[in-house]
Amino acid sequence: MFRRSEQDKRPQVQIFVDGVAVAARQGDTVSAALLASGVDARRSTAVSGAPRLPYCMMGVCFDCLVTIDGVGNRQGCLVPVAEGMQVEIQKGKREIGK
Amino acid sequence: MSGEYDVAVVGGGLLGSAIAWGLGRLGKKVAVLDEGDITKRASRANFALVWVQSKGLGMPAYTVWTVQASQAWGRLASELKQQTGLDVALQQNGGFHLTLGEDEFGQRAELVKRMHNQVGAADYKMEMLSASEVKRSLPLIGPEVSGGSYCPLDGHVNSLRTFRAFHTGFKAFGIDYFPERPVSAIGKSGGEFRLTTPEGELRAAKIVLAAGNANQTLAPMVGLYAPMGPTRGQVVVTERTVPFLPHPLTTIRQTDEGTVMIGDSKEDELDDRTLKPSISGVMADRAQRMFPHLSRLNVIRSWSGIRVMPQDGFPIYDQSETHPGAFLACCHSGVTLASNHAFEIARMVAQGALEPELVGAFSASRFGGAGAANNSGY
Amino acid sequence: MTVAPKREDYDVVVIGAGPAGLAAASTSADAGLSTLLLDENVGPGGQVFRAISSTPVTDRNQLGADYWVGADLVQSLRASNAEVIQRATVWSLDRNLEIAVSIGGASAFVKAKRVILATGALERPFPIPGWTLPGVMTAGAAQTMLKSSALVPDGRTVIAGQGPLLWLLAAQILRLGGRIDRILDTTERGNYFAALPHAFAFLTSPYFTKGLSMMREVKAKVQVVSGVTELAASGDGQLASVSYVAGGKRETIPADLLLLHQGVVPNVNLAMAAGVEHRWDDLQLCWSPVLDASGMSSVTGIAIAGDGAGIGGANAAVVRGRIAARAAVEALAPAAAAKLAPMAALRTELAKAERGRVFLDTLFRPSPQFRIPSGDTIVCRCEEVTAKDVLESVAIGATGPNQLKAYRRTGMGPCQGRLCGLTVTELMAQARGKTPQEIGYYRLRAPVKPITLAELAAVPKTEDDVKAVVRG
């Protein structure tokens, strides 16, 4: 859906999406990294289970919700990636304690 | 807004709607006069418990009335489902009040004992449970929970969906719902009541005042009395999470949608547009001490609402001696008592007189003109 | 690294580091007022100058000169004494000018003598069939990725809607080598005539030549379909095609990405939760705060600058930020105001920056069918409530958005109505034959952004607070 422009010379950062290594760039938000990676990053909603991807990328729509380092329902579009970050695609309602 | 009605119900909240729905169910021609979008509505600010335990200390009749309501709720839920297709998610598998620390446990045990010893009160089957006993039903409680009281009659419901079900049911019963029609004056002439609204006058053979705290102003227009003592309550609510809480608590419940509601406060401040974050903070702190897993959930909304609260905390059901056909209903616990309002109060209004053996204790005559202390347990 | 505010009290707290906030904070700090700037993003810039200090897009021509103006604003801010905290989410602001802000998972509380809200705008909801499908995004979302991560659309890409940002985005995507298959212009033909009387002001505004050359640049490379009157996205769990009607003819084209845009509207949540009075703006079709000439709102001490004060664009936002800051300086340190630009000069500058706005607002007024959906089209994305559901609620007595919430949970999800509020107001207004002003808006309260229960639990409390909750 998206690809990186060749002029992007930022250092690589490795994150893990559902355990699989994904290359991101320093300064990417989690959502941008997911959309750039080509992995199926569709979450499913807590209401009907419908599939969703980020819509606004500016912190207002909450369609980018994702589990980051074990904490559910984070806004992926507001959180920058960090080396070794563990990202999980959420399916349905968040689990309590996660 | 022409035509004559058997009954005009003033107030379209949960209480007025339940009575109106119950009257419609009996084939009466009913009008409901309600206010607009922004008004103080306990119907959309409540905690949605169908609750028995700890209610009625100081008025045994209220314990009997509460148990009756709790027992009739199943019938209400199924009739609403049948009529509207809406499942109001009634769950009545017992509820808890948890205590933090030994002091709170002792105070609660004392309350349970006083309730139990009250002469003429219904048997709530309330019992105090130790922390380890609580843990059997609620495995996720935290180490600070010292125990709590349990009542098998307690439960909860989706109160917003109940509200919607009543309003959906109005159509099938031929009930006319008129929003944005606050009543400013009530007179009686030619054997019928005339209610003044911004959209003109509405006439009805009988009226039921079910306008919450506004009953205080309306009641004297027809020779009735409704001394109120409203308070503000705050609630915070989390995002949806997978089911983790099998029973409702006095201050925490998980809705059928998955959100967790955390209550509540009792404040003198009566501005429902604002709230006090520090009070929400106390509620949040206690909730996460009761269930440490909750701490990571996101709070996505909070609200404050104004309790409809008669001055002594107990319901007022009354009929006018000077204006026969004028009835008054106001109470806290409009969710719990919805079944009684739909079935019992509606039936009595339809027949034209309240039955003293059922609701005589709730007449405003008990105030003797002066306010009493609030013993309601809220 | 996360840093809490250094003080508990400030003369001025500015919320939002977009054009208005950047200008306001540096003006206020330069005049010697203790100034705190809180911003939710990783870096300053807001949306229009997004990633201004970190963008990997190094060729300055690609993002355009208007973008790089932001670098000067950031430089002025850095040169000032303003304290700046990024990734700081304000979740509560009240009438006492007490602010709760979440920083790195913990909340801090500060009090201000003046608050300048510069929370900007968000894109107007674009509720068409299928707009919740993965692969449908806002144009602003694509622009955010382009600016902050040099990401460009790669698959079959359709851009639909109208307004200046749409053409800017298209030009930027093309300059970075991205792919656009088709642009579907939804500008209503009648709007051209309606806008004509305002054309002179626009012709003399800076937007005119820039806008024209950008449209020419895009049209040379992409097929543009104008006069689009219907639009729908479809696919099974993922966008597969976009169908539209133009000139009475329906066409369906395969697509992997659909970018939607029909202008921006003020981001009102924090201001409304603070009790600021808003009115419906019939021209811009949104809620705008009621403000005086210095940007002061109905709540004493709270000013609003930038697009949150009503859409005016980046240039106007900068000037509004300076005006609001100057007003704060006049009130709190009158002697220091002398070295700032005079108010009269700022107002002249603002009038110049706002020139042509009425023309743009009239020309790019979105069509009713793209604002007011019907049938099974989703209105509330969070709670998945459709237009039909809303109309059914009106039929059983819902008079406004708050009764609708009770019936249907619209606006009760995590976005707190940001993506459905305008749609709900307009849909109910249409259904009830009322004006949007009569219908009203959701009642909003803190927290205006989610915070964890643990964070809320850590709020400082008094003995009275505890007594209000613990009562046997």
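Student: Which residues of chain B does the UniProt annotation "domain: FAD dependent oxidoreductase" cover?

Tutor: This is a predicted model, in which local features need pLDDT of at least 70, side-chain atom pairs count only at pLDDT 80 or more, and totals for chains, interfaces and linings use all residues. Residues are numbered from 1 along each chain as its sequence is written, while chains are lettered from A and ligands numbered from 1 in the order in which they are written. UniProt positions are given in the numbering used here, with feature names shortened, and annotations may be inferred rather than shown by experiment. According to the unreviewed UniProt entry, the annotation covers residues 6-346.

Student: Which helix supplies the largest share of the side of domain 1 of chain B that touches domain 2 of chain B?

Tutor: Two residues are in contact if their C-beta atoms, placed from the backbone, lie within 7 Å. On that criterion, 16 residues of domain 1 of chain B meet 23 residues of domain 2 of chain B. Helices (H or I, at least four residues) and strands (E, at least two) are DSSP runs, numbered from the N terminus. The largest share, four residues, comes from residues 60-84 of chain B, helix α2.

Student: What is the class make-up of that side of domain 1 of chain B?

Tutor: Ala, Val, Leu, Ile, Met, Phe, Trp, Tyr, Cys and Pro count as nonpolar, Asp, Glu, Lys and Arg as charged, and the others, Gly among them, as polar. The side of domain 1 of chain B that touches domain 2 of chain B therefore divides into ten nonpolar, five polar and one charged.

Student: Which element gives the largest share of the side of chain B that touches chain C?

Tutor: The contact takes 49 residues from chain B and 38 residues from chain C. Elements of chain B that each supply at least two residues include α3 (101-117), α5 (159-172) and α7 (277-290). Twelve residues, the largest share, come from α7(B).

Student: Which residue is the bridge partner of B:Asn298 in β23(C)?

Tutor: Two strands pair if DSSP finds at least two bridges between them. β15(B) and β23 (residues 451-452) of chain C meet this with two bridges, in the antiparallel sense. The partner of B:Asn298 is C:Thr452.

Student: Why is one side of β13 of chain B and of β23 of chain C left without a neighbour in the sheet?

Tutor: The open sheet has five strands with antiparallel pairing, in the order β13(B)-β14(B)-β12(B)-β15(B)-β23(C). β13 (252-254) of chain B and β23 of chain C stand at the edges, so one side of each lacks a neighbour because each has a single partner strand.

Student: At what angle to β12(B) does α7(B) run?

Tutor: Axes are lines fitted to C-alpha atoms, for helices over the stretch in contact, and angles run from 0 to 180 degrees between N-to-C directions. α7(B) lies across β12, β13, β14 and β15 of chain B, and its angle to β12(B) is about 50 degrees.

Student: Which residue in the turn between β2(A) and β3(A) has a positive phi?

Tutor: Strands β2 (residues 12-17) and β3 (residues 20-25) of chain A run antiparallel and are joined by six bridges. A:Phe16 has A:Ala21 as its bridge partner in β3(A). The two strands form a hairpin with two residues between them, and the turn residue with a positive phi, about 50 degrees, is A:Asp18.
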